[in-house]
Structure formats: structure tokens, C-alpha cells
Amino acid sequence: MIRMRAQGLAMGIVLAAIAGAPTLAQKQTPPAGGAPKAFTVPAHETYTLANGMKVTLVPYGNIPKVTVSLALRTGNIDEVQEQLGVADITGELLKEGTSSLGSKEIAEAAARMGSTLGVTVTADETTVAMDVLSESGGDAVKLLADVVEHPLLPESELARLKTNTLREIAVAKTQPGQIALARFRKLMYGNHPYGDVLPTEETVNKLTIADAKKFYAANYGAARAHLYVAGTFDAAAVKKAIAENFSGWTKGSAPVEKAAAPKAQRILDVTDRPGAPQSTLYVGLPVADPTSPDNVRLIVSNSLLGGSFASRITANIREQKGYTYSPRSQISSRYHDAYWVEVADVTTKDTGASLKEIFGEISRLQKDAPGAEELKGIQSYLSGIFVIQNSTRQTLIGQLRFVDLQGLGEDYLKNYVQRVNAVTPEEVSATTAKYIKPELMTIVVVGDKAKVGEQLTAYGEAGK
């Protein structure tokens with residue numbers, strides 16, 4: 001009882017102090033931010049081996065670590081419809097042993113360097129990477145070379161990897177966000193590889209070790225490879241390791257160009273989830289790819305419209321209306337391809353109203369240029385996160401990989417902040433009118449069809 005009274009007295013003192021504090025102090029605004037600073041790409045060296053493999057060395061930072069990352073121009077883009085999932089299975093098999101090392105020995109070798117060996121397969125690229133202590137840079141190069149040049153691809157591990165993949169597919173099919181994304185991409189890209197977000201159970205079950213080996217032989221090789229080394233490292237030792245371990249790699253075939261032709265079309269697609277308390281929305285259309293002169297203007301326009309916490313759509317359907325908690329828009333890009341999409345999980349009863357507000361904000365920005373202060377805030381935000389996106393070894397490599405994949409040239413990163421801050425209010429409005437057109441948007445809704453059907457009549461006849 002004494003302790004409780006003491007606590008009550010202390011709380012009273014605190015509240016009295018707060019009550020007596022000057023009101024003015026509570027309303028002080030933070031000082032204005034400084035002018036955005038241009039990003040300086042760290043000095044780096046890029047060269048090409050005789051077999052066609054590219055190498056980029058980036059001395060960066062003071063921490064005694066180095067990231068060694070091999071990017072290969074192959075991924076789901078190289079799969080055929082009958083073998084969806086083979087790129088991912090092949091990537092996983094890389095870690096299961098080489099002609100000289102077993103899977104356990106690979107893991108132990110990576111651990112001795114203070115790392116693990118990771119393989120990531122995306123639509124356009126497969127990366128094999130390690131982040132190791134600086135003294136192990138050369139050894140990491142050697143291990144990566146062994147893994148990608150001499151993979152065992154053991155049949156003994158295939159059943160386990162297929163089971164894992166089937167489990168991931170089953171889980172994804174229960175998630176409304178994954179369902180909506182899969183429908184959105186299929187409607188936009190059709191039978192192009194970009195239209196397949198997930199493999200099917202049928203194709204995974206049919207995959208054989210011969211399929212994986214055939215995929216590897218057709219798509220892995222020096223001509224499709226770019227090795228990035230970033231961090232603190234002994235350049236001479238790393239160069240020597242690269243020459244000794246990668247120069248003998250077979251050149252292989254060049255990347256196969258499979259240009260996408262996404263559809264800009266007004267279509268309403270509804271997947272029924274009876275009893276769902278929310279509707280998941282994917283609303284978007286194809287836009288100019290990263291090589292376009294309009295690319296940066298699109299990035300700025302998207303951030304102001306729906307691509308940041310301070311964006312208009314977010315302020316509208318989250319802050320003002322309370323229809324959703326975390327809406328977002330983005331420009332999603334692949335190799336020489338991109339689309340704009342707004343994604344939101346909205347309350348079922350507000351599904352139609354949410355679409356109305358999204359399209360309303362687009363129309364408003366098309367017709368009226370934003371104010372200078374509003375645009376300045378978005379530009380400062382983009383300038384700031386760009387620095388963060390280049391602040392680690394891994395993110396810096398990611399930026400360089402993006403530039404190299406798209407063929408943007410080194411000036412893209414160097415001039416990015418300057419170009420962002422050169423966009424005018426009138427250009428934002430004009431860019432939105434040029435590309436973000438509601439009448440050509442694919443609208444995907446995953447929710448309770450019985451409750452949202454009437455709300456959606458203004459947007460077309462629901463498919464499915």
C-alpha cells in the first residue's frame with residue numbers, strides 16, 4: 001500500500017510538471033532539413049575475362065567484411081510452361097554439393113569465413129552470394145566458383161526440394177496477397193514467363209533431375225555472369241582468385257531475349273473468398289520501363305500519388321477514411337519492363353469506396369499539378385532513401401546489378417538525386433496523365449464476392 005501511494009505521488013508530480021509546461025514548447029516545429037546531397041558512386045573497377053564473365057570490384061566502407069556476389073542472367077524467364085519451378089529447384093541444388101565438396105562441406109567452408117552461401121532465383125537473375133570476413137575474400141571467390149562451375153546436382157536431394165516447393169505453393173495459395181498478385185500478373189502477361197508468379201503442383205511433381213541438369217547446361221555459363229565484390233578486401237588477392245577460379249569456366253550461351261508485351265486493359269477480376277473480412281486489391285497497368293527518359297519522373301509521381309507514407313492515396317484511404325492500414329503503390333520492374341500498381345487490403349464494406357478514392361486521387365493529380373511544398377517533401381524523401389539504398393555492401397551491389405541489368409549506364413546512379421529534384425509540379429501532373437490511366441487498368445479483387453459484387457458494378461463485369 002505504501003509503495004502504491006508513493007507511485008501515485010510520483011505520477012502526480014509528473015502530470016503536474018507536464019500541465020505546467022509552456023504550451024508553446026509542445027507546438028514547436030522541427031528545423032527544416034538540409035538540401036539533398038548528390039550520391040557519389042564509390043570508385044570501382046570493371047573488367048571482362050576472356051570467357052566473357054564481367055567483374056566489378058568496389059572498395060567500400062571501413063568494416064573488415066566483403067560481399068562476393070555472382071549474378072547470372074537466368075531465372076524464371078528461361079522456364080517453359082511444362083517445367084515451371086525448374087529454375088528455383090536448380091538454384092537450390094547448387095548448394096547440395098560439387099564434384100569435390102559435399103553439401104555439409106560447403107556449409108562448413110562458408111561458416112569458417114563467417115558466412116553462409118545463399119542462392120536467390122528471381123524472374124531475370126540468379127544470384128549466388130556470400131558476405132565474409134575481409135581476409136576470406138579470395139576463399140569466397142574460390143567457393144562460389146566451385147559451386148556454379150562444378151555442381152553435383154544430386155538426385156538424392158530432389159524429392160526433398162520438391163516437397164519444400166509444394167509446401168510453399170500450398171501456403172501461398174491461402175494468402176490473399178499472393179492470390180491477387182498471381183491473378184494480376186497472369187492477366188497482364190498471359191503466357192509470358194512474367195505471368196507465372198508460382199509454379200504449379202503438376203509441373204513441380206513432374207520435374208526430374210535430368211530437367212535440372214538440362215536447365216543448368218542451357219543457362220549457366222561465363223557469358224551470362226557478372227561477379228561483384230564490394231567491401232574492404234585485398235584487391236590483388238581477389239583478382240588472382242578470380243583469374244584462377246573463373247577463367248576456365250565455359251562461356252556458355254548468351255541470354256535469350258524474351259520481350260514482354262503486357263496488356264493495358266480495363267478488366268475486373270474477382271476471386272471469391274467467402275466470409276473474408278477484407279478485400280485485397282491490385283489495381284494497375286503497364287508503364288514505361290527503367291530505360292525510358294520518363295523513368296525518374298514516374299518514380300517521383302508514384303511516390304507522391306501512392307508510393308510513400310505521405311502520399312495522397314495513403315492519406316486518403318488510410319488516414320482520412322480508415323479503409324485500410326497499409327496501402328501502397330509501386331513501379332514494379334523486370335528486364336526492360338515495368339508496371340504501376342496500387343495494392344491495399346481494405347475492409348469488405350469499403351471495397352468499392354476504396355476504388356473510387358484511388359481513381360479519384362489519380363484523376364485529381366492528372367488535372368492539377370501538386371504544390372511546390374508537397375513535391376519538395378516527396379523529393380527530399382526519395383533523396384534520403386536513395387542514400388540508404390546505397391549504404392551497405394549488399395544494397396550497393398543491388399543498385400549496380402539493377403543498372404547493369406537494365407543497361408542504364410553509370411551516370412544513372414550519379415545523377416539520380418539531381419534528376420529527382422529537377423522534376424517540376426507540372427511534369428508530375430503530365431506524367432500521371434500520360435501513364436497512370438484508370439480506364440486501362442486491370443482491377444483484381446480477392447474477397448467475399450457476395451458482399452463486394454454490387455460495390456464493383458461501376459468498374460466492369462466481374463470475371464471468375
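**Burial, rings and pockets**

Reply: Buried residues make up 48% of the 464 residues in the chain. This is a predicted model, in which local features need pLDDT of at least 70 and side-chain atom pairs count only at pLDDT 80 or more, while totals for chains, interfaces and linings use all residues. Residues are numbered from 1 along each chain as its sequence is written, and side-chain values use heavy atoms, with hydrogens and water left out.

Me: Why is F184 called buried?

Reply: Buried means under 20% relative accessible area, exposed means over 50%, and partly exposed lies in between (1.4 Å probe, protein chains only). F184 has a relative accessible area of 0%, so F184 is buried.

Me: What makes F184 and Y282 a tilted pair?

Reply: Rings of Phe, Tyr and Trp (its six-membered ring) pair if their centres lie within 6.5 Å; planes under 30 degrees apart count as stacked, over 60 as edge-to-face and the rest as tilted. F184 and Y282 are 5.8 Å centre to centre, with 50° between the planes. The distance is within the limit and the angle falls in the rest, so the pair is tilted. F184 lies in helix α7 and Y282 in strand β8 (residues 278-286), so the pair ties together parts 98 residues apart in sequence. Helices (H or I, at least four residues) and strands (E, at least two) are DSSP runs, numbered from the N terminus. Y282 is buried too, with a relative accessible area of 9%.

Me: Why is the pair of F184 and Y339 called edge-to-face?

Reply: The ring centres of F184 and Y339 are 5.2 Å apart and the planes stand at 65°, so the pair is edge-to-face. This pair also links distant parts of the chain: F184 is in helix α7 and Y339 in strand β10 (residues 337-347), 155 residues apart. Y339 is buried, at a relative accessible area of 3%. Ring pairs link F184, Y189, Y194, Y282 and Y339 into a cluster. The count of aromatic pairs comes to 10.

Me: How do you know that the charged end of R334 sits over the ring of Y194?

Reply: A charge sits over a ring if NZ of Lys or CZ of Arg is within 6 Å of the ring centre and within 35 degrees of the ring normal. The charged end of R334 is 5.7 Å from the centre of the Y194 ring. R73 lies over the face of Y335, at 4.5 Å from the ring centre.

Me: What makes a space a pocket, and what lines the largest pocket?

Reply: On a 1 Å grid over the protein atoms alone, a pocket is an open set of points where a 1.4 Å probe fits, with protein on both sides within 12 Å along at least five of seven lines; lining residues have an atom within 4 Å of a point. The largest pocket is lined by 30 residues, and N76, D88, V121, T122 and V197 lie nearest its centre. α6 gives the most to this lining, with five residues.

Me: How many residues line the second largest pocket?

Reply: The second largest pocket is lined by 21 residues, of which I299, I331, Q389, Q399 and Y416 lie nearest its centre. Elements that each supply at least two residues of this lining include α11 (295-305) and α16 (411-422).
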